[in-house]
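Please look over the model shown here with the following notes beside it.

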Amino acid sequence: MKKIITPFVLVVLLGLIAWFGTAGLGLYTLFGVVLPYGAFATFIVGFTFKILSWAKSPVPFRIPTTAGQAKSLTWIKPNELESPSGAPGVLARMFLEVFFFRSLLRNSRASMVKGPRLVYVSDKSLWLAGLVFHWSFLIIFLRHYRIFAEQVPFFVPLLEAVDGFFEIVWYNEIHAVTLPGLYLTDALILVALTFLFLRRVLDTKVRFISLLQDYFPLYLILGIVITGSLMRYNLKVDVIAAKNLVQSLVHFHPDTSIQVGSIFYVHLFFVSTLAFYFPFSKLMHAGGVFMSPTRNLANNSRAKRHINPWNPTIKIRTYAEYEEDYRDKMKAVGLPLEKE
Amino acid sequence: MIYNAKVVLPILILFVVVLTYPFWQGGTEQRPEPQKPAKAAQCVEDAAWMRANHMQLLDRWRHEVVRKQERSYTSTRGQVFEKSLVNTCLDCHQKSDFCDKCHAYASVKLVCFNCHLNPELVEP
Amino acid sequence: MSKFAPKPAEMAAQMNQDYLVEKVKAHESDWMETPPEFRPGNWCYAPAPEVVESLGLDNPRKWSPDEEDWKLPADYKARIHQGMKERLDKNRAFKLFMDVCVRCGACADKCHFFLGTGDPKNMPVMRAELMRSVYRNDFTMAGKILKDWVGARKLTPEVVKEWFMYFYQCTECRRCSVFCPYGIDTAEITLMARELLHLLGVNINWILKPASDCNRTGNHLGIEPHTFTQVVESLVDDIEDVTGVSVNPTFNRKGAEVLFITPSGDAFAEPGLYTMMGYMLLFEHVGLDYTFSTYASEGGNFGLFTGNEVMKKLNAKMYHEAQRLGVKWILGGECGHMWRVVHQYMDTMNGPADFLETPINPITGTVFDFAKSTKMVHIAEFTADLIRNNKLKLDPKRNDHRVLTFHDSCNTSRGMGMIEEPRYILHKVANKFYEMPEKTIREQTFCCGSGSGLNTEEYMDIRMRGAFPRASAVKHVAERNGVNLLTAICAIDRVTLTAAMRYWNPGVEVSGLHELVGNALIMEGEKERDIDLREDDLELEEEE
């Protein structure tokens, strides 16, 4: 339980710190300027450093994940996606892995029934939840370019049109949660995160393997989503002031006079924490998936020699030594010899 | 030594360049300056509140007028206004030099005029 | 039955009671606080000091895993730290796999050892975590500062024992990697763990003894050259008894076109030797100009289970001998891990084999250009090519007394991507062939439960549990289709599955692919074939 609750308390504390720090202590410069700068710089430098640290280790052997028929005899159909024979197959496989999590699609669940006997059923829930979460995250991030970029890029209105396609608005007497209309991704990411969290807690196997650091980013991202949604739908803030602040940051003359609502600083502090935490954590799987030798190599080891830069020189037991030891016995059964 | 540098480095650089786009996008950091109306010194509610909440106020007005026939709005300061985009809001503000300024800056779709006629439009 | 495993009915009753997959529930406590428990049947004997010395490995001594004191070197922590650092710097996959796992759990119930034991530390992600926890402590900033908050822990003798238990409870079969969204290959982590444990002298006899023997005599079983030829000659006599045809294998012959290398198990152990008879019948049938070698008389390579240096040392003999004999290319027999080494490592380690030629099938003229660099062809590829080009006269009815299913060996399916060739051959040499359920074959095949050097008697309890997922799938087709023969293209499978079938599915026998080819081949000048290579009656058509 400790590993489930502690990070939750931690994230709540972080939120309170940002709220109190701005609304109570007026530390707008700290939460609006210093921490975001620091976090973004840490993210860029840390991410680059981590990728380079992987790149500094060579790939001694060509050991791709082999999950289908390799290219062999001409009349046997090779499976270029599961066992690529060259660059096109590798790229296609990589694309489908990165954008559609293809390997998770074959996930199954095993259970033991009376007999004993094992049965397997297809289980695509992790695939679906993972896909929905990551795509929603990406779309939400891209939508934020209306804040990040002074001239709003073409894709933002496009994404908004699709994401807000159903124009779901509703009205209630107490609190008119009506405008702007609901973004599908805002709802989907909440559902997906909730599923991923419940899965971690309720599936005994996954709970067993989960560490404190598996819950922390879940809570943190949930915090980001909740504060972001609150800001959009309920606890409204002045969007123009927020964009002015961000623009002052990206143009490198931070405007310390700007004060947006505290919920904005909680949101920003969560995001800063995530950016800061990212390069030091499992979240680096985002870069790692591209660097994974099992993913980015072709299964063509017998057709094309792979070079190991540190291939050691090993003293082998030569045939000559072998014959030396067994010459008489070999001679007795008529085996040909190098030296009589 | 960086192995596979020919593949790793270009992709890494591309990633960093794309991610830092807001920092090198250029631009003059032009902030929107909606025109202050001459007619009145005070909006229906406090200006700061209006900046964050006007869309919800307008939508509430819409519901109350269309569904309940409630046409008058008493502000927190006790002033009474007609719940009307055209007669109240646009009496002081103009779409082109007020609404559009911020809406363009933050790329937020302005939906009021999907139904309402913009009085600035000159009929041919 | 082995004294190292309970009776099948007892184990089955226990499994029925525990519903092993869900047994994890019982382990609510933190895994870091659960020490490994050594009991008869779940650990392998330690090697004798001489064996360790002969391979030039560290810390030779007398010790046993069930004793409290493992006599680890005093500087064991520094050795592991240094060894880990070296390997992180030398192997990107290892480093990346230590960093990127998100513990999504997709692999959790994919391991045959987890499915058979219910031990949560057998979930592949958990197995890797055993090492990641130490990696985090020693090599990451977060781990150094936040300790167990980020799942970091110090190396202790208890951790070494845990590593020994669970990295020798992994058969490097790669099934989990097929399901991992990042392609994390537990086999590579296990290889690293075993290399690290060697630095402390923590290893097992069943792997080191064969590796040492192979280095000395040329094969795992320590068979000396004169014995090797005699055994093969006796198989020649058996072939003559069954078919009336005499085949003439040659040994260490210079100038042969092809060097044929197969695991020594094919020459010395039932049922592998029937497969060996199948090879020789096939070569005779098509008139292949080939030779055996007594020096390179082992296809298998227990170096794969030891470490990359021993692997290279043992593998080097293949090219060394091919060059000495002046053959054009190498043909490899039915073996699992041999092919993992040949496919994934051989060319990189001991190539380039410039002295050989791109393999061409002398009978069909087919150029095996997918093997143009390594210059070694798998016998299933060779035979499939022969059948496709109508070069074999086959009578599949001679296998009608068998109802068979095919076990994809983990190394050939997931280590090289050979899935269709053996099936094509089976369909041509036998009439009654049924597939097991789809989630248990091809790239999702289950390990035999005793691979990667664990097929030793004293490990029987874990072996039979590990074999259970495979056995359960065989049982399915045995009951539904009457399957009574399990065919595999791996020498270790042929031995270990035989034991597993006796334990779980009595009545199901195990064979190699080329044993069935040998049965079906209509040889020139053969006598009437009324018995198969096992000298079992064919029960041919009685309608006449």
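1. Helices (H or I, at least four residues) and strands (E, at least two) are DSSP runs numbered from the N terminus, while axes are lines fitted to C-alpha atoms, for helices over the stretch in contact, with angles running from 0 to 180 degrees between N-to-C directions. In chain C, helix α6 (residues 124–139) packs against helix α10 (residues 186–198) at an angle of about 35°, and their axes are 10 Å apart.

2. This is a predicted model, in which local features need pLDDT of at least 70 and side-chain atom pairs count only at pLDDT 80 or more, whereas totals for chains, interfaces and linings use all residues. Residues are numbered from 1 along each chain as its sequence is written, and chains are lettered from A and ligands numbered from 1 in the order in which they are written.

3. Two residues are in contact if their C-beta atoms, placed from the backbone, lie within 7 Å. The contact between the two helices is made by C:Pro124, C:Arg127, C:Ala128 and C:Met131 of α6(C), together with C:Thr186, C:Ile189 and C:Ala193 of α10(C). These residues divide into five nonpolar, one polar and one charged, where Ala, Val, Leu, Ile, Met, Phe, Trp, Tyr, Cys and Pro count as nonpolar, Asp, Glu, Lys and Arg as charged, and the others, Gly among them, as polar.

4. Between chains, two pairs touch, and the most contacts are those between chains A and C. Chain B and chain C, by contrast, are joined by no contact, their closest C-alpha atoms lying 10 Å apart.

5. The contact of chain A with chain B takes 32 residues from chain A and 28 residues from chain B. On the side of chain A that touches chain B, α10(A) gives the most, with seven residues.
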